[in-house]
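Thanks for coming. I will go through one chain today, starting with the whole and then moving to its parts. Please have the structure open while I talk.

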Amino acid sequence: MENDKQYWDKPSPPFVELLGDLPYDMVWYRGKRYYASLSYGPEAAPVAENSLRICQSDQSGFLIETPAATLLFDWYRRILPPIRRDKPLHVFISHTHPDHFNQSLLNLAKRFPDVSIYLGYDYSDDALNEALEKLPEACADSVSCFRGGQHLDIAGGTVHALESTDLGVAFLVELDGLRFFHGGDLFPWRGAEKDFLAYIAALKGVRIDYAMLPMDSRFPEAAGLSISAYLSQAEIGCFTPMHLWNKPESVPEFFRLNPRLRAGLCYVGPGQAPQSCVIAEYKAQLRSMAYKA
Ligand SMILES: [Fe+2]
């Protein structure tokens, strides 16, 4: 039918669909389903001095713009949001589980003039080792691998890797006078509570401007321990819960029951499609660096 034909010839607006257990932005076009271009990402306006622009995808993916750089954390989707080319791009991959990683990220040096990739990885995956070995030289040079406890000085800051209770690492990043933390899968999984508390002891008293904290909605008790332990360990200015397994409503529910943990919470709330989750632009306070490896 003519109307149907017209419908199929036009891409549908982006919608979110679960593939496996993971949400993806999709469109229909000519009767087929495609990954949507992501409309969120850098806006034309530059980021104001002392500010951050933070876009949360879902699960544990974040795009953060500072006035001087762009940081991408655990972006597992196959397509990227729009990313500026006139700033250094720092890509953090806490580990190689499919809800945190897609292999095409390792080739970003082909597309961006100034990219650095930090990969939490212990060389135990033969297929990935082979992929790393086959990278063109420029791409291979952009990748640094981390085990827990390692750190690397970079232009404008330092990258610290904390041990994780699952695969890979968590990242504590100092860049251009700001400090970020991304927990990866460093979470009190059942039986790993002791290790979790031991590993996050590295954050004791550390001032963090913006933290991305795992709050796995599948394990409510562990989620509570995770958030309260991180917040009591480090001095966190602003944080966003992540690793929600497509249950954003678990966030307001949790903080309604735990109002004392709400200070610094930075979250849009349920009902927001992930492609429009620009969650905050806030004045980050520049603080002196207190972290010691
Ligand atoms: Fe995960």
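Buried residues make up 39% of the 293 residues in this chain. Keep in mind that this is a predicted model. The chain has 6 helices and 16 strands. If you take the contacts with a separation of 6 or more, 59% of them come from residues 24 or more positions apart.

Now the inside. The largest nonpolar core has 63 residues, and V91, I117, Y118, F171 and A211 are the ones that touch the most other members. Which strand gives the most to this core? That is β12, residues 169-175, with 6 residues. As for A211, leaving out residues up to four places away in sequence, A211 touches F181, Y230, I236 and F239.

Next, the sheet that contains β12. This is an open sheet of 6 strands with mixed pairing, in the order β10-β11-β12-β13-β14-β15. At the edges are β10 (151-154) and β15 (235-242), each of which pairs on one side only. On average, neighbouring strands of this sheet are turned by 15° against each other, direction ignored. As a reminder, strands of a sheet pair through backbone hydrogen bonds, either parallel or antiparallel. For β12 and β13 (residues 178-182) the direction is antiparallel, and 5 bridges join the two. Here F171 comes back: F171 stands opposite H182 in β13.

Let us move to an earlier stretch. Strand β4, residues 51-56, runs antiparallel to β5, with 4 bridges between them. The two form a hairpin with 5 residues between them, and Q59 in the turn has a positive phi of about 50°. Then β5 and β6 form a hairpin too, with 4 residues between them. These two strands are also antiparallel, joined by 4 bridges.

Follow E65 across. The bridge partner of R53 is E65 in β5, and the bridge partner of E65 is T70 in β6. What about the faces of β5, residues 62-65? Both are covered: F62 and I64 are buried on one side, L63 and E65 on the other.

P81 sits in the loop between β6 (70-73) and β7 (89-93). Why does P81 count as partly exposed? Because P81 has 19 other C-beta atoms within 10 Å, while a buried residue needs 20 or more. The C-alpha atoms of P81 and S57 are separated by 9.4 Å, and these residues are 24 apart along the chain.

That is the tour. Questions are welcome.

How values were computed
Residues are numbered from 1 along each chain as its sequence is written. This is a predicted model: local features need pLDDT of at least 70, side-chain atom pairs count only at pLDDT 80 or more; totals for chains, interfaces and linings use all residues. A nonpolar core is a set of buried Ala, Val, Leu, Ile, Met, Phe, Trp, Tyr and Cys residues joined through C-beta atoms within 7 Å. A residue is buried if 20 or more other C-beta atoms lie within 10 Å of its own, exposed if 12 or fewer, and partly exposed in between; C-beta atoms are placed from the backbone. Two residues are in contact if their C-beta atoms, placed from the backbone, lie within 7 Å. Two strands pair if DSSP finds at least two bridges between them. Axes are lines fitted to C-alpha atoms, for helices over the stretch in contact, and angles run from 0 to 180 degrees between N-to-C directions.
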